[in-house]
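Subject: Structure handover

Hello,

Here is the structure I said I would pass on. My notes on it follow below.

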Amino acid sequence: MRLLLVGAASLFPLARLAWGLYRGSLGANHVEVVTHTTGDWALNLLLTTLAITPVARLTRDNRWLKARRAIGLYSFLYALLHFLTWLVLDKGLDLNDMLKDVVKRRFITAGFAALCLMLPLAITSTDGWIRRLGSRWGKLHRLIYPAALLAVVHYLWLVKADRSRPLTYMAVLG
């Protein structure tokens, strides 16, 4: 039941975004809305994933530990959608334009690096991979910390004016 609730809550922003696209109510720059929404939720869920263990230890309540893997996978889903929005809708799969963007904008490099670090975590998040990797699984999944740092840095470097939100994410990560 708890995982069903986690799934519904995690997918609600995506459903709301899809409904807005369907209705045409996302405004003139719908690509920007999709990009920001998917990025925000990737980061929200990533930090939620990281917060579960300390909260469980502090409260001595381990019930939410079972949901941590699912929340992490939803975070990866949103991060992947965030990247694909940039790749397909913003850059139109134009390799030259993408490479120019990577060279010109360091925040894209940080975000892509975060996504690359999250990929093996998503792939190895099944019970089968946990068994196969044994103790190496835990070591591999420590990549979540540099991935989270890079994701927050991606957001911090993206913002040009009011940095209060990315700095709040940085404080939560700390």
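What covers the buried residues of α1? This is a predicted model, and in it the cover includes α2 (30-59) and α3 (65-90). The buried residues of α1 are V6, G7, S10, P13, L17 and G20.

Some notes on α1 itself. The helix runs over residues 2-23, 22 residues in all, and spans 31 Å from its first C-alpha to its last, close to the 32 Å expected at 1.5 Å a residue. There is a kink of about 40° at F12, shortly before the proline P13. P13 is also one of the buried residues of the helix. Just after α1 comes G24, with a positive phi of about 75°.

Next, how α1 sits against α2. Their axes come within 10 Å and cross at roughly 175°. Angles over 145 degrees count as roughly antiparallel, so α1 is roughly antiparallel to α2. On the α1 side, the contact is made by S10, P13, L17 and L21; on the α2 side, by H30, V33, V34, T37, T38, W41 and L45. Of these contact residues, seven are nonpolar, four are polar and none is charged.

Last, a residue in another helix. K100 lies in α4 (residues 95-104). Is K100 buried or exposed? Its relative accessible area is 59%, so K100 is exposed. The C-alpha atom of K100 is 41 Å from that of P54, and the two residues are 46 apart along the chain.

Regards

Notes
Residues numbered from 1 in each chain as written. Predicted model: local features only at pLDDT ≥ 70, side-chain atom pairs only at ≥ 80, totals over all residues. Heavy atoms only, no water. Helix = DSSP H or I, 4+ residues; strand = E, 2+ residues; numbered from the N terminus. Expected span 1.5 Å × (residues − 1). Bend = angle between axes of the 7 residues up to and from the residue. Buried < 20%, exposed > 50% of the residue type's maximum accessible area, 1.4 Å probe, protein only. Contact = heavy atoms within 4.5 Å. Axes fitted to C-alpha atoms, helices over the stretch in contact; angles between N-to-C directions. Parallel < 35°, antiparallel > 145°, perpendicular 65-115°, else oblique. Nonpolar A, V, L, I, M, F, W, Y, C, P; charged D, E, K, R; others polar.
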